[in-house]
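User: I'd like to learn how to read a few features of this structure. Can you walk me through them?
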Amino acid sequence: MSPLPSHARVVVIGAGIAGCSVAYHLTKLGWRDVVLLERRDISCGATWHAAGLVGQLRATANLTLLAKYGADLYERLEAETGQATGFRRPGSIGLARTAERMHELKRLASRARCFGVDVEVITPAEAGRRWPLIRTDDVVGALWLPRDGRTNPIDTTLALARGARQRGATILENTAVTGLRLRGGAIAGVSTTAGDIACEAVVNCGGIWARELGALAGAAVPLHASEHFYIVTEPIPGVSPDLPVLRDPDGFIYVREEVGGLLMGGFEPMAKPWGMTGIPADFAFSLLPEDWDHFQVLMEQAIHRIPAIEAAPVRRHVNGPESFTPDGRYLLGETPECRGFYVAAGFNSIGIASGAGAGKALAEWIVGGEPSMDLWDVDIRRVAPFQTNPRYLYDRTVEMVGKAYAMHWPFDQPATSRGVRASVLHDRLAARGACFGVVMGWERANWYATPGMAPAYRYSYGRQNWFECSAEEHRAVREAVGLFDQSSFAKLRLEGPDAAGVLQRLCANDVAVPVGRVVYTQMLNQRAGIECDLTVTRIADDTYFIVTGAAVATHDTDWIRRHLGDARVVLTDVTSGSAVLGVMGPRSRALLARLTDADLSNGAFPFLASREIWLGAARVRACRITYVGELGWELYVPTELASGVYDALVAAGADLGLRHAGYHAMDSLRIEKAYRSWGHDLGSEDTPLEAGLGFAVRLDKRVPFLGRDALMAQREKPLRRRLVIFTLEDPAPLLYHDEPIWRDGVLVGRITSGAYGHTVGRAIGLGYVAHPDGVTDGFVESGRWELEIACERQRARAQLSPPYDPKSLRVRS
Ligand SMILES: Cc1cc2nc3c(=O)[nH]c(=O)nc-3n(C[C@H](O)[C@H](O)[C@H](O)COP(=O)(O)OP(=O)(O)OC[C@H]3O[C@@H](n4cnc5c(N)ncnc54)[C@H](O)[C@@H]3O)c2cc1C
């Protein structure tokens, strides 16, 4: 064994597939001074007992790109390293037992087309021909993915480790990390059972141990282990290595060939979290006890689908722990709590399929200092510290395992770990019939049940039970006045003599405005990609109030904090200090006027003004701004005064047609105005010019802001990519996201967010369209446009201005 080096550029903790992949890719990028530490042996954690399925179609285009990269890498690693991986591409079949599941598979097929994954919708008979042992009499249809693969997890991990070693990495087994050394909020080194290593960066690839390792750096790494099962049978006649991988999600199971027999595992609806009292120190190449009672639900379904499995003796029963996260997505990136501390963990049973790509993306992040692509879906900055609470994680894990194969309904909400974080108005809204969804732990009213109706979702891909409720809320906002509880907004206060200077450098818009003015702005990265989309209000010469979405609270705070440098400012999270009430609609002025003496006229209180006013018995900050495209105010009310203000508003609004409105209505309202949503329509790969947000950029302001040079360069050339607004011609179909966009029969883009526009009476989608010669106005206004929904193309109208109130007359009324 090599001696422990005293210094390394980067130390990777954990030699499972994730750690080996990170080390491999760091060395590929030319970093030689890489040390990979493993407490026992390579692959001894979750990796050695994985089933080895390597599916390619993932939730987003970039995650799919990474999964495809992984399959390609596993295919060629043997030639590069001399270590076989066992990778093959037998393809995979996904079955549907219900019409709704078939619809979901067809939507997936459409999505696969825009992600560049080969896919075919096949009949039950065709599925039976490819997998002769299955019964198909209850199958509605299937998907065939010819390029999906399987691999040997141990060999694949060894190949990555060998590749890393061949390019200079040091891999030390039987060396456990026992502590992290920090200096000034950044990594300075690690302590191990064999001594200390000074280093600039640490990568936590600790699998089910990653949460505890994160705690050593004060970093939130919310994941929990769960028991996870499969069996392997003795050989079964008719089973050959060429059999595709089979997934029957309605029966919770997957199946593949293994030495002439079948390997069958699955994702049962109620899982068994594990490791609550800590993970035993000697846990290596270990399994948990068999639990046939728990496995029964999978066994029954397997026998139903493949009758031959019933008589086949079981050779191995595998019960191994795997880590699951609260939202079912893995955790990647530099933690906001500790500079130089990176994470690649929490793989939710797709670590083999995702390990290569995650390792590549993280290595690029470490070497480049920022992600090389939009990785928001898995970015560790989407979590909040409270989520590492063991009780919260335990309860959520019971549910999350089964979510992998459950229907992926639009607007699906978790049933567990609810009620953790709520607005002070929560109970009042519940009494009004609110049905809550959850974002970053916040319970938020998504819609309000009408009298006699239960405030509970009935999911479907069609119009769900709340469609009409939300439509009425939408209409009330357009025609009268709506009340939104927007307390989950993240609120930050930046204060100090350099506050204006810092924000001028960070914001693409000009924030050197008079006190009392709200500025809508983006914060850009060097490539001019949009990192934050928020409002900045100057509340004093040296103080700004920054408001952003609940989902991006950690991310945006981190972005601002890491760019403060040595500026004389203090950044404080003041989210809990105030509730936010959105009073929106043409009668909002009349409503507020009943509770305040403040002059709310256009002259005295114009659009984008912000003032402290007396409202009812409270002093509130009123900001004239809107995300729904109407006259309206956001009221920031000290938390302890919010119930009183709410009660006063509700009482005063009764005869004005005031209606409570939820986040679904907000979404349908904002999409008619084509207001963009970060994380969907905006992200780190989209520039404001491409996104149609040039109006919020001040290239001519005196301070050179981050991303300005890249924007200036982009301005010189025709835009090859542009956000376009689509309205379906047929009023029936619904848009969600990732529907392919066709122009004159050519695939030119995909929808990034969609919702039903109740005022225009049709589904509306925003999406980027690309063309090598530039996406000109003429290009958008001509051509035959279609959106593909569940494999069927629907005619659509394309435009660059919003379908509703394009001149924003109502906002400024
Ligand atoms: C039954 C089952 C079936 C599965 N099937 C599939 C599948 O078909 N396809 C798929 O893609 N995925 C599958 N998975 C998931 C896959 O196994 C995991 O996602 C993946 O192996 C996780 O890899 P990792 O590197 O993150 O974690 P691990 O492999 O657990 O590696 C973490 C490593 O960190 C080490 N470590 C921890 N603490 C320290 C410390 N303090 N110092 C040094 N080292 C430390 C551990 O010893 C361990 O080796 C399956 C999982 C299970 C349980």
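Analyst: Helices here are DSSP runs of H or I with at least four residues, strands are E runs of at least two, and both are numbered from the N terminus. This is a predicted model, where local features need pLDDT of at least 70 and side-chain atom pairs pLDDT 80 or more, while totals for chains, interfaces and linings use all residues. Residues are numbered from 1 along each chain as its sequence is written, and side-chain values use heavy atoms, with hydrogens and water left out.

User: Is Arg162 buried, exposed or partly exposed?

Analyst: Buried means under 20% relative accessible area, exposed over 50%, and partly exposed in between (1.4 Å probe, protein chains only). Arg162 has 35%, so it counts as partly exposed.

User: Which residues is Arg162 in contact with, leaving aside neighbours within four places in sequence?

Analyst: Contact means heavy atoms within 4.5 Å. On that basis Arg162 touches Thr81, Gly82 and Gln83. Gln83 is 79 residues away in sequence, yet the C-alpha atoms are 7.5 Å apart.

User: What about the largest nonpolar core, and how many residues does it have?

Analyst: In soluble globular proteins, nonpolar side chains tend to be buried together. A nonpolar core is a set of buried Ala, Val, Leu, Ile, Met, Phe, Trp, Tyr and Cys residues joined through side-chain atoms within 4.5 Å. The largest has 49 residues, and Leu26, Val203, Leu332 and Leu362 have the most contacts inside it. Helix α8 gives the most to this core, 9 residues.
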